[in-house]
Amino acid sequence: MLTMEEKIEKTVDWLREQVKTSGTKGLVVGISGGIDSALVACLIKKAFPDNSLGVIMPIKSSPKDREDALKVVEACKIKYLDLDLTEVQSKLFDIVVDNMKEKDMYNEDNTRISDANLRARIRMSTLYTAANNLNYMVVGTDNAAEVHTGYFTKYGDGGVDILPISNLTKREVYEWSEVLGVPESVLNRAPSAGLWEGQTDENEMGTTYDMIDKVVKGEEVPEKDKAIIDRLHSRSEHKRVMPPKPPVF
Ligand SMILES: Nc1ncnc2c1ncn2[C@@H]1O[C@H](COP(=O)(O)OP(=O)(O)OC[C@H]2O[C@@H]([n+]3cccc(C(=O)O)c3)[C@H](O)[C@@H]2O)[C@@H](O)[C@H]1O
Ligand SMILES: Nc1ncnc2c1ncn2[C@@H]1O[C@H](COP(=O)(O)OP(=O)(O)OP(=O)(O)O)[C@@H](O)[C@H]1O
Ligand SMILES: [Mg+2]
């Protein structure tokens, strides 16, 4: 049984191996001010002190997100870009909405979710722009609980090249982060996608990361939580597989 420190070292080795076998030169990640990206930023900086990059990308975000993201950058001493994408995202969103409204096909009820997911997809496009330019790979921040529930935007924060922490439960993300010196204010925040005012992961999903972690580990949870988690899991199956195609006719 490996210690946590040994597992961290093995993950850092794995990152180096991924870059080597892919023929790329380094790694880039979006830094949100949340715990998952803080951990990934620390890991990629450890693996590639000179060839790692963090990108902070506020989109109508709370100033606290950016402040915490800057604390992460400072703590792990990773090179970074600080890009406010609010205007870009708003403009693209408005173009689509205005044209749909003109054709009387716009569904007001889905405004919040489509605006939210466009934020994640604009960030993905931004990360790939930097990655293409530097010949880096884009690193995802999904943990095992998020992968299991599909709690990510398809081709948004889910649009990445490698997923170094996707075997970790949310609790393990906290444990590794503490060992790697992630700042207190990041460790103490409620996990949030930050996609709308006041959003927290646990409120939106209707269950807790403790419960999802248990299900991921094959442990028992109350019926009510099991039902929610199973539904999130089956509803998001399409996000974990290649797009379906017809048989060869
Ligand atoms: N059965 C199926 N087979 C193939 N494709 C299917 C499909 N059902 C929907 N789709 C497609 O998938 C789309 C819906 O998926 P998607 O666009 O991802 O949207 P959706 O799953 O509705 O929303 C994303 C969820 O992830 C959360 N999120 C996003 C980003 C970051 C974080 C975070 O923790 O930071 C959390 C967000 O709060 C929200 O609850 C549909 O519009 C459709 O295009
Ligand atoms: N404002 C942002 N700037 C840069 N990247 C972002 C921003 N918001 C989201 N992201 C990217 O999207 C990923 C998914 O967000 P998610 O909320 O799941 O992770 P997190 O914010 O790192 O952790 P937490 O679960 O504590 O909120 C982030 O890890 C980050 O890579
Ligand atoms: Mg977050």
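Student: Which helix holds V88?

Tutor: V88 sits in helix α4, residues 86–102. Helices here are DSSP runs of H or I with at least four residues, strands are runs of E with at least two, and both are numbered from the N terminus. This is a predicted model, in which local features need pLDDT of at least 70, side-chain atom pairs count only at pLDDT 80 or more, and totals for chains, interfaces and linings use all residues. Residues are numbered from 1 along each chain as its sequence is written, while chains are lettered from A and ligands numbered from 1 in the order in which they are written.

Student: Is V88 buried or partly exposed?

Tutor: V88 counts as partly exposed, because it has 15 C-beta neighbours inside 10 Å. The cut-offs are 20 or more other C-beta atoms within 10 Å for buried, 12 or fewer for exposed, and partly exposed in between, with C-beta atoms placed from the backbone. V88 and R119 are 31 residues apart in sequence, and their C-alpha atoms are 9.6 Å apart.

Student: What are the confidence scores?

Tutor: The chain has a mean pLDDT of 97, and 100% of its residues reach 70 or more. pLDDT is the predictor's confidence in each residue, from 0 to 100. The model also scores ipTM 0.98 and pTM 0.97.

Student: Good to know. Where does UniProt put the "binding site" feature?

Tutor: The unreviewed UniProt entry places that feature at D36 and E146. They span 111 residues in sequence, yet no two of their C-alpha atoms are more than 10.5 Å apart, so they gather at one spot. UniProt positions are in the numbering used here, feature names are shortened, and annotations may be inferred rather than shown by experiment.

Student: What surrounds D36, then?

Tutor: D36 lies in helix α2, residues 35–47, and counts as buried because it has 21 C-beta neighbours inside 10 Å. Leaving aside neighbours within four places in sequence, D36 is in contact with T141, N143, I165 and V173. Contact means that two C-beta atoms, placed from the backbone, lie within 7 Å.

Student: And which residues does E146 touch?

Tutor: Not counting residues up to four places away in sequence, E146 touches Y151 and F152. E146 is in helix α6, residues 144–149, and with 27 C-beta neighbours inside 10 Å it counts as buried.

Student: Switching to the sheet: what is the strand order?

Tutor: Four strands form an open sheet in the order β3-β2-β1-β4, with parallel pairing. β3 (79–82) and β4 (136–138) stand at the edges, each with a single partner strand, so one side of each is left without a neighbour in the sheet. The twist averages 25° from one strand to the next.

Student: How many bridges join β2 to β3?

Tutor: There are 4 bridges between β2 (residues 52–56) and β3, with G54 opposite Y80 in β3. Another 4 bridges join β1 (residues 26–30) to β2, where V29 stands opposite G54.

Student: Which residues of β2 lie on each face?

Tutor: S52, G54 and I56 are on one side and L53 and V55 on the other, all of them buried.

Student: What about the largest nonpolar core: which residues touch the most other members?

Tutor: Of its 49 residues, those are L27, V28, L39, A41, I44 and V139. The largest share of this core, 9 residues, comes from α2. A nonpolar core is a set of buried Ala, Val, Leu, Ile, Met, Phe, Trp, Tyr and Cys residues joined through C-beta atoms within 7 Å.

Student: Last one: how many residues of α10 are buried?

Tutor: 7 of the 8 residues of α10 (residues 209–216) are buried, so that helix is largely enclosed by the rest of the structure. Its buried residues pack against α6, α7 (170–179), α9 (201–205) and α11 (223–235). After α10 comes G218, with a positive phi near 80°.

Key:
Two strands pair if DSSP finds at least two bridges between them. Axes are lines fitted to C-alpha atoms, for helices over the stretch in contact, and angles run from 0 to 180 degrees between N-to-C directions.
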